[in-house]
Amino acid sequence: MASVLVRRLAALSGSAAVGAGAYGAHGFKNKDPDDYQIMLFETANKYHFYHSLALLGAAHCGKPLLAGTILLAGMGMFCGPLYHQALTRDPSLGKVAPVGGVAMMAGWLAMIL
(Lines give C-alpha, C1' and ligand atoms only; values in the text may rest on other atoms or scores of the structure.)
Protein backbone atom coordinates (compact mmCIF):
# COMPACT_ATOMS: atom_id res chain seq x y z
CA MET A 1 0.00 0.00 0.00
CA ALA A 2 2.79 2.46 0.87
CA SER A 3 4.50 1.83 -2.46
CA VAL A 4 1.27 2.63 -4.34
CA LEU A 5 0.97 5.91 -2.44
CA VAL A 6 4.58 6.86 -3.16
CA ARG A 7 4.15 5.99 -6.87
CA ARG A 8 1.06 8.23 -7.03
CA LEU A 9 2.91 11.05 -5.31
CA ALA A 10 5.76 10.61 -7.81
CA ALA A 11 3.27 10.91 -10.66
CA LEU A 12 1.76 14.08 -9.19
CA SER A 13 5.20 15.54 -8.54
CA GLY A 14 6.39 14.76 -12.06
CA SER A 15 3.29 16.34 -13.53
CA ALA A 16 3.80 19.46 -11.40
CA ALA A 17 7.44 19.62 -12.53
CA VAL A 18 6.35 19.58 -16.17
CA GLY A 19 3.81 22.32 -15.50
CA ALA A 20 6.35 24.43 -13.63
CA GLY A 21 8.88 23.94 -16.42
CA ALA A 22 6.35 25.07 -19.02
CA TYR A 23 5.44 28.08 -16.91
CA GLY A 24 9.11 29.00 -16.53
CA ALA A 25 9.79 28.60 -20.24
CA HIS A 26 6.96 30.98 -21.14
CA GLY A 27 6.91 33.22 -18.07
CA PHE A 28 10.56 34.20 -18.39
CA LYS A 29 10.54 34.37 -22.20
CA ASN A 30 11.22 38.10 -22.50
CA LYS A 31 13.72 38.32 -19.64
CA ASP A 32 17.47 38.64 -19.78
CA PRO A 33 18.86 35.06 -20.05
CA ASP A 34 21.53 35.90 -17.47
CA ASP A 35 18.85 36.89 -14.95
CA TYR A 36 19.35 35.27 -11.53
CA GLN A 37 15.61 34.56 -11.29
CA ILE A 38 15.79 32.35 -14.37
CA MET A 39 18.74 30.45 -12.94
CA LEU A 40 16.91 29.88 -9.65
CA PHE A 41 13.78 28.68 -11.44
CA GLU A 42 15.72 26.31 -13.69
CA THR A 43 17.62 24.88 -10.71
CA ALA A 44 14.40 24.32 -8.77
CA ASN A 45 12.74 22.71 -11.77
CA LYS A 46 15.71 20.43 -12.48
CA TYR A 47 15.85 19.13 -8.91
CA HIS A 48 12.06 18.84 -8.85
CA PHE A 49 12.25 16.53 -11.90
CA TYR A 50 15.18 14.48 -10.61
CA HIS A 51 13.53 13.86 -7.28
CA SER A 52 10.16 13.06 -8.83
CA LEU A 53 11.99 10.22 -10.57
CA ALA A 54 13.67 9.30 -7.29
CA LEU A 55 10.19 8.93 -5.78
CA LEU A 56 9.47 6.25 -8.36
CA GLY A 57 12.52 4.37 -7.11
CA ALA A 58 11.49 4.96 -3.50
CA ALA A 59 8.21 3.19 -4.22
CA HIS A 60 10.21 0.00 -4.76
CA CYS A 61 12.65 0.17 -1.82
CA GLY A 62 12.32 -1.62 1.50
CA LYS A 63 10.77 1.36 3.31
CA PRO A 64 8.89 3.31 0.63
CA LEU A 65 6.91 5.51 3.00
CA LEU A 66 10.01 6.61 4.90
CA ALA A 67 12.10 7.31 1.79
CA GLY A 68 9.19 8.96 -0.01
CA THR A 69 8.35 11.20 2.92
CA ILE A 70 11.94 12.35 3.32
CA LEU A 71 12.28 12.98 -0.43
CA LEU A 72 9.02 14.95 -0.57
CA ALA A 73 9.99 17.04 2.45
CA GLY A 74 13.38 17.72 0.90
CA MET A 75 11.81 18.70 -2.42
CA GLY A 76 9.46 21.10 -0.68
CA MET A 77 12.19 22.68 1.42
CA PHE A 78 14.70 22.92 -1.45
CA CYS A 79 12.65 23.58 -4.57
CA GLY A 80 9.95 25.60 -2.82
CA PRO A 81 12.19 28.47 -1.69
CA LEU A 82 13.95 28.57 -5.07
CA TYR A 83 10.64 28.70 -6.97
CA HIS A 84 9.40 31.33 -4.50
CA GLN A 85 12.44 33.56 -4.91
CA ALA A 86 12.44 33.15 -8.69
CA LEU A 87 8.80 34.21 -8.94
CA THR A 88 8.71 36.94 -6.28
CA ARG A 89 12.33 38.14 -5.91
CA ASP A 90 11.86 37.58 -2.16
CA PRO A 91 14.89 35.74 -0.71
CA SER A 92 13.36 35.33 2.77
CA LEU A 93 12.92 31.54 2.47
CA GLY A 94 16.43 30.96 1.13
CA LYS A 95 17.80 29.68 4.43
CA VAL A 96 15.46 26.67 4.23
CA ALA A 97 16.96 25.43 0.93
CA PRO A 98 20.13 23.87 2.42
CA VAL A 99 18.01 21.92 4.90
CA GLY A 100 15.97 20.67 1.96
CA GLY A 101 19.14 19.64 0.15
CA VAL A 102 20.26 17.58 3.14
CA ALA A 103 16.79 16.02 3.34
CA MET A 104 16.94 15.05 -0.34
CA MET A 105 20.31 13.36 0.26
CA ALA A 106 18.82 11.58 3.28
CA GLY A 107 15.91 10.45 1.11
CA TRP A 108 18.30 8.85 -1.37
CA LEU A 109 20.09 7.15 1.50
CA ALA A 110 16.78 5.96 2.99
CA MET A 111 16.24 3.92 -0.17
CA ILE A 112 19.09 1.67 1.03
CA LEU A 113 16.90 0.45 3.91
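**Terms and values**

Modeller: Of the 113 residues of the protein chain, 39% count as buried. This is a predicted model, where local features need pLDDT of at least 70, side-chain atom pairs count only at pLDDT 80 or more, and totals for chains, interfaces and linings use all residues. Residues are numbered from 1 along each chain as its sequence is written, and side-chain values use heavy atoms, with hydrogens and water left out.

Colleague: What makes Asp35 buried or exposed?

Modeller: Buried means under 20% relative accessible area, exposed over 50%, and partly exposed in between, with a 1.4 Å probe and protein chains only. Asp35 has a relative accessible area of 15%, so Asp35 is buried. Arg89 has 54%, so Arg89 is exposed.

Colleague: Why is the pair of Arg89 and Asp35 called a salt bridge?

Modeller: The term asks for a side-chain nitrogen of Lys or Arg within 4 Å of a carboxyl oxygen of Asp or Glu. The side chains of Arg89 and Asp35 meet at 4.0 Å, N to O, so the pair counts as a salt bridge. The two partners come from distant parts of the chain, 54 residues apart: Arg89 lies in the loop between helix H3 (64-88) and helix H4 (97-110), and Asp35 in the loop between helix H1 (2-27) and helix H2 (36-58). A search of the whole structure finds one salt bridge.

Colleague: How many helices and strands are there, and what makes a run count?

Modeller: Both are DSSP runs, numbered from the N terminus: helices are H or I with at least four residues, strands are E with at least two. The protein chain comes to four helices and zero strands, in the order α-α-α-α from the N terminus on.

Colleague: How do you know whether the radius of gyration agrees with a compact globule?

Modeller: The radius is taken over C-alpha atoms, and the globule rule is 2.2 Å times the number of residues to the power 0.38. For 113 residues the rule gives a value near 13 Å; the protein chain has 15 Å, which agrees. Along its principal axes, the C-alpha trace spans about 45 × 25 × 15 Å.

Colleague: Which residues are in contact with Ser3, beyond its neighbours within four places in sequence?

Modeller: Contact means heavy atoms within 4.5 Å. Leaving those neighbours aside, Ser3 is in contact with Ala59 and Pro64. Ser3 is found in helix H1. Ser3 and Val102 are 99 residues apart in sequence and 23 Å apart in space, C-alpha to C-alpha.
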